[in-house]
Amino acid sequence: MNIRFWILLCVFVAARCPLDCRAESNIDLIEQLSSGSINWTQGVVVAWGRELPGAKKDVDQAHAANLALEHALLNLHATVNLLRVSDCRLVSGLLTGREKEYRQVKEMVMAAKVIDTRMLSDGMVEVGVQMSLFGGFAQLVLPGTVRQVEPIKPLTPNTEKPVVSHVGGPDAPAPAADPDPYTGLIVDARGIGVLPSMVPVIVDESGQEVYGPEYVSREFAVQNGICQYVRWGEAFPDIPRVAPNPLIVKGLRMIAGSCSRIVVSNADASKLRGSSLHLGFLKECRVVVALDGKN
């Protein structure tokens, strides 16, 4: 098939299906960089490239689209390199000296999806590409401390025969049931300087870890990320990741010199300890960190 025809066909299909990602919501936390953007809520990196037909010799619209795609992929690679993985460590630093992993990440970038191809009012052809932070990419860059965790066993119930009190007799009302268990965790981290990273850590006031790589199962971390970052809003209980009954705690401050090590109160930390139910939702990465960032 003629290469020019193939490029024109791609331009036509992309124009008919302009977006391959979910529509942004009012709680999406998007980090804008000069080379592209990171949507920390949806877990995608997006970059754009442009080319003007006729600006160079023999550059028609199809050729311009191809050049714009090349520029977009270069910008996407630059943006991926600026991703924070563990605290303030960037992908570029993580992959230094790791040639095999570097090549694999670059191959993922080159295979990024085209999400939009459009003509601008000045005649410029613009192409957008998108890459997921999950799946193969997460498998490559997440630290080895994120391991596969065995299923959390529920606490063994007491099987001894209950002692029936003579007060009230056998028809006395049963003790009140425990309140509904929490189904996820929301950390209100507004105003304390958190910078999103792929591996956040939550500690109590004495620095003991409450949530982090040791608490999650690699399966869930690779599929959905260790946490989801959002902008602060009113619809938190409805976020599928933590619904319907999330525990909401306040981030007090950051650990000095860190980017995403959040301190919570000892009282809040104690709510997450000693319960197999809570260990279960932490293992499954049902955690949301809410910031006051702007698009």
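Strands here (at least two residues, E) and helices (at least four residues, H or I) are DSSP runs numbered from the N terminus. What you have open is a predicted model, in which local features need pLDDT of at least 70 and side-chain atom pairs count only at pLDDT 80 or more, while totals for chains, interfaces and linings use all residues. Residues are numbered from 1 along each chain as its sequence is written, and side-chain values use heavy atoms, leaving out hydrogens and water.

**Around Leu-185**

Now show strands E8 (184-188) and E12 (246-254). They run parallel and are joined by 5 bridges; two strands pair if DSSP finds at least two bridges between them.

Keep Leu-185 selected and display its contacts (heavy atoms within 4.5 Å). Leaving aside residues up to four places away in sequence, Leu-185 touches Ile-202, Val-242, Leu-247, Val-249, Leu-272, Phe-281, Leu-282, Arg-286, Val-287 and Val-288. Leu-185 is also among the residues with the most contacts inside the largest nonpolar core, which has 56 residues; Leu-76, Val-80, Leu-83 and Phe-137 are the others named. A nonpolar core is a set of buried Ala, Val, Leu, Ile, Met, Phe, Trp, Tyr and Cys residues joined through side-chain atoms within 4.5 Å. Buried means under 20% relative accessible area, exposed over 50%, and partly exposed in between (1.4 Å probe, protein chains only).

**Along E12 to the hairpin**

Next, follow E12 to its neighbour E13 (residues 261-264): these two run antiparallel, with 3 bridges. Find Arg-253, which stands opposite Val-263 in E13. The hairpin has 6 residues between the strands, and there Gly-257 takes a positive phi near 80 degrees.

Select residues 276-283 for helix H8. How many of its 8 residues are buried? The count is 6, so H8 is mostly covered. Those buried residues are Ser-276, His-278, Gly-280, Phe-281, Leu-282 and Lys-283. Their cover includes strands E8, E10 (209-211) and E14 (287-291), along with helices H6 (218-224) and H7 (266-271).

Step on to Cys-285, in the loop between H8 and E14. Its phi is near 60 degrees, a positive value in a residue other than glycine. Cys-285 counts as buried, at 1% relative accessibility.

Zoom to Asp-87, in the loop between strands E4 (84-86) and E5 (89-90). Here too phi is positive, near 60 degrees, and Asp-87 counts as buried at 18% relative accessibility.

Then select Ala-243 and Pro-244, which are joined by a cis peptide bond with omega about 5 degrees. Pro-244 sits in the loop between E11 (228-231) and E12.

**The open sheet**

For the last stop, display the open sheet of 5 strands, ordered E1-E2-E3-E7-E6 with antiparallel pairing. Its edge strands are E1 (30-32) and E6, each pairing on one side only. Within the sheet, E2 (residues 37-39) and E3 (residues 44-51) pair over 3 bridges, and the bridge partner of Asn-39 in E3 is Val-44.

Finish on E6 (residues 113-119) by picking Asp-116. Is this residue buried or exposed? Asp-116 is buried, with a relative accessible area of 7%. Its side chain makes a polar contact with the side chain of Arg-118 (3.0 Å). A polar contact is a pair of N or O atoms within 3.5 Å; within protein, one must be able to donate a hydrogen and the other to accept it, and residues adjacent in sequence count only if both atoms are side-chain atoms.
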